[in-house]
Amino acid sequence: MSLFLVNRYLGEEEDGSISKESRSQALLAKLQQKAKEKQQQSLTEQRQQQLPKEPTQQQRVEKKRKAHKDSGQEFLHPKKKKKKANVHDLDSESHDEPVEQKKKKKKKKKNEEETEEEDVNDGQNPAGGQGDTEQEEAAEAENEKTAAPAGFKVVGGFENRPVQKVHRVLPQWLAQPDVIHRDIKNNLVPISDLSGLCSALVKRLQENGIQHFFPVQAEVIPAIMENMQRGLLIGRGGYKPRDICVSAPTGSGKTLAFVIPVIQMLMERVVCEVRALAVLPTKELAQQVCKVFTSYTEGTALKVVMLAGQRSFAAEQASLAEHRGDRRRSLADIVVATPGRLVDHINKNSGLCLQHLRFLIIDEADRMIDSMHQSWLSQVVKAVYKSGSEPRAMSIFRRTEPTHVTAASLSPPQMPLQKLLFSATLTQNPEKLQQLGLHQPRLFSSVHSDSTHKQDCFHFPQGLTEYYVPCMLSKKPLLLLHFILRMKLRPILCFTNSRETAHRLFLLVQLFGGVTAAEFSSRLSPGERKKKLKEFEQGKIQLLVSTDAAARGIDINGVKCVVNYDAPQYVRTYIHRIGRTARAGKAGLAFTFLLGVQEKRFLQMVVEAGSPGIQKQIVKPENLRSMEARFEVTLQELAKVIKHETNK
Ligand SMILES: Nc1ncnc2c1ncn2[C@@H]1O[C@H](COP(=O)(O)OP(=O)(O)OP(=O)(O)O)[C@@H](O)[C@H]1O
């Protein structure tokens, strides 16, 4: 039983005597009739709108006469109509019968019309009738042109017009960056030219073999240090310092561009507190950056701590702070972390205090933005503005999250938090950058992008030469062997799209013999991966088959050649992979194996990304022939090894 009675509309002539079924049928018929009437009405209205102003009677007669006189016109017109009818036949098959009838009627009417016209000549025909027929015809013709499939009514009458492409308009700071020279070799700046660096740091640079700064360093180091004249608390002119974004090619020296100024600015600190935090996407990268920080803080009071899960949580916790009674003492000035481990330490109150944080460095920033769903940044910001245990009035360095600017809010000295972003493929998507909550950002970029510049256009290292090698899937391993054994291109860093492919390829090359190979992927423990990278750098390994685990940021000295065994799917992956060679202004080669179906899309992607030119490298089948017999045997051996591994 229903709770509410819902009254339905059953038509005006509701009659209790009629059965429910027949009533609904009658109602349906009525509605259909109404719909038909409405359709006809709107059709007539549409025709009237489409027709030009009704000509006068005299004009109509004149027009007809002209048509008669015009030789051939009389014969052409029906033909044209017939042609039209033929074309339309396809559609009209689905039209209802009335259409055909209508046409016949029309023809008849036309004949009548022609005879009538003779009469009209006398000027005795009243306005209306025949003019309407003409109008109808014109409307019909027009309708035929834009006819929709049978049974559908064209609404709106829109025409197909080419739509103008909407150009992106970037905010000023993205559209007009401070430009960094891409050519490293010709734009070196002697380290003595940069004022503000203490002698200890200069000495350290020299000891590490650095006599000149690379262009990115020469631009970015002074920009970060320009806030140091008045200490850590206030920036230029007494304002909060601007956040800095750097987009420069792979291997252009971005790491030192933040390591040097941060160390220089913290050098004079009195109390040890965490004042710089560098966040990197992987353990390997965190380790690499930590190593650079440690190297340049040697001989100073500054302490660097890494939170990347290389050590146990307790060990990391112990390295952050020590407690004497109820007093806590920080043991870290600079923390280098991966986002996951960092959030762990914040949430578990492990002793990581970020209330004095002055620099937040986000390396591989575009990748870090993509991992923002982990909300690591909001957790860091929350930890930075967390009020301490000291009573508010006691602490002059208390921090509150910036809100409206009032006299009261400006009075206490606040430690500003400055964000420093670095990437070779920094996104220009303002929506993505928005997530970082940047304060009056300043961009340093090697790509000058005017406001209408294409998205995802990057600069490639200058010493890099790119090739693509058209090949068949079954010949890829042979090609790689040809590169190492015949062309003597080694050491090679070879990328695959999955760890399974990396593993099989490594096994295959090892079974084939003649080359020392290793794999690098998540199949290996962090310790093993570290060892492999070291051996590769030392030249003990000639071929390192890797997944994208080694694609970003990893700085391996002396990689002559990168091979994309599997073509990368995204342009950013391509840029980072090939950027493992041609670093620090050196030369390097990058080869990408392409199957026929991949060629077009890949080449288009690379050109759109701003590649200076990728060349075709053909390896003739006869060059591989001598290795084929051995290769077949190796494949059989590989099958056995893999079967054995699977069974294990
Ligand atoms: N001024 C310099 N003089 C000589 N070598 C330098 C200088 N600056 C950096 N390098 C060297 O250049 C190499 C690349 O530097 P770095 O790793 O900082 O590049 P990057 O721009 O961060 O690259 P990626 O985008 O791939 O991470 C390193 O081996 C580094 O030691």
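**Loop and helix packing notes**

Biologist: Where does Lys488 lie?

Modeller: Lys488 is in the loop between H17 and S14. Helices (DSSP H or I, at least four residues) and strands (E, at least two) are numbered from the N terminus. This is a predicted model, with residues numbered from 1 along each chain; local features need pLDDT of at least 70 and side-chain atom pairs 80 or more. Totals for chains, interfaces and linings use all residues, and side-chain values use heavy atoms, without hydrogens or water.

Biologist: What is the phi of Lys488?

Modeller: Positive, about 55°. And Lys488 is not a glycine.

Biologist: Which place does Pro491 take?

Modeller: Pro491 sits in the loop between helix H17 (476–486) and strand S14 (492–495).

Biologist: Is the peptide bond from Arg490 to Pro491 cis or trans?

Modeller: Cis, and omega is near 0°. Most peptide bonds are trans, and most residues other than glycine have a negative phi.

Biologist: Back to H17. At what angle do H17 and H22 pack?

Modeller: At about 110°, and their axes are 10 Å apart. Axes are lines fitted to C-alpha atoms over the stretch in contact, with angles from 0 to 180 degrees between N-to-C directions. H17 and H22 are therefore roughly perpendicular. Cut-offs: under 35 degrees is roughly parallel, over 145 roughly antiparallel, 65 to 115 roughly perpendicular, the rest oblique.

Biologist: Which residues of H17 and H22 meet?

Modeller: H17 brings Pro477, Leu478, Leu479, Leu481, His482, Leu485 and Arg486. From H22 come Asn623, Leu624, Ser626, Met627, Glu628 and Phe631. Contact means heavy atoms within 4.5 Å.

Biologist: How does the contact of H17 with H22 split by class?

Modeller: Eight residues are nonpolar, three polar and two charged. Ala, Val, Leu, Ile, Met, Phe, Trp, Tyr, Cys and Pro count as nonpolar, Asp, Glu, Lys and Arg as charged, and the others, Gly among them, as polar.

Biologist: OK, now H18. How do H18 and H22 pack?

Modeller: Helix H18 covers residues 499–512, and helix H22 covers residues 621–647. They pack at about 125°, and their axes are 9 Å apart. So H18 and H22 are oblique to each other.

Biologist: Which residues of H18 and H22 make the contact?

Modeller: On H18, His503, Arg504, Leu507, Leu508, Leu511 and Phe512. On H22, Met627, Arg630, Phe631, Thr634, Leu635, Glu637, Leu638, Val641, Ile642 and Glu645.

Biologist: And what are the classes in the contact of H18 with H22?

Modeller: The residues are 10 nonpolar, two polar and four charged. Met627 and Phe631 of H22 are in this contact. Met627 and Phe631 also meet H17.

Biologist: New topic. What about H11 and H12?

Modeller: Helix H11 runs over residues 313–320, and helix H12 over residues 339–347. Their axes come within 12 Å and cross at roughly 70°. That makes H11 roughly perpendicular to H12.

Biologist: Which residues of H11 and H12 make that contact?

Modeller: H11 uses Phe313, Glu316, Gln317 and Leu320. H12 uses Arg341, Asp344 and His345.

Biologist: How do the residues of the contact of H11 with H12 divide?

Modeller: Two are nonpolar, two polar and three charged. Phe313 and Leu320 of H11 are both in that contact.
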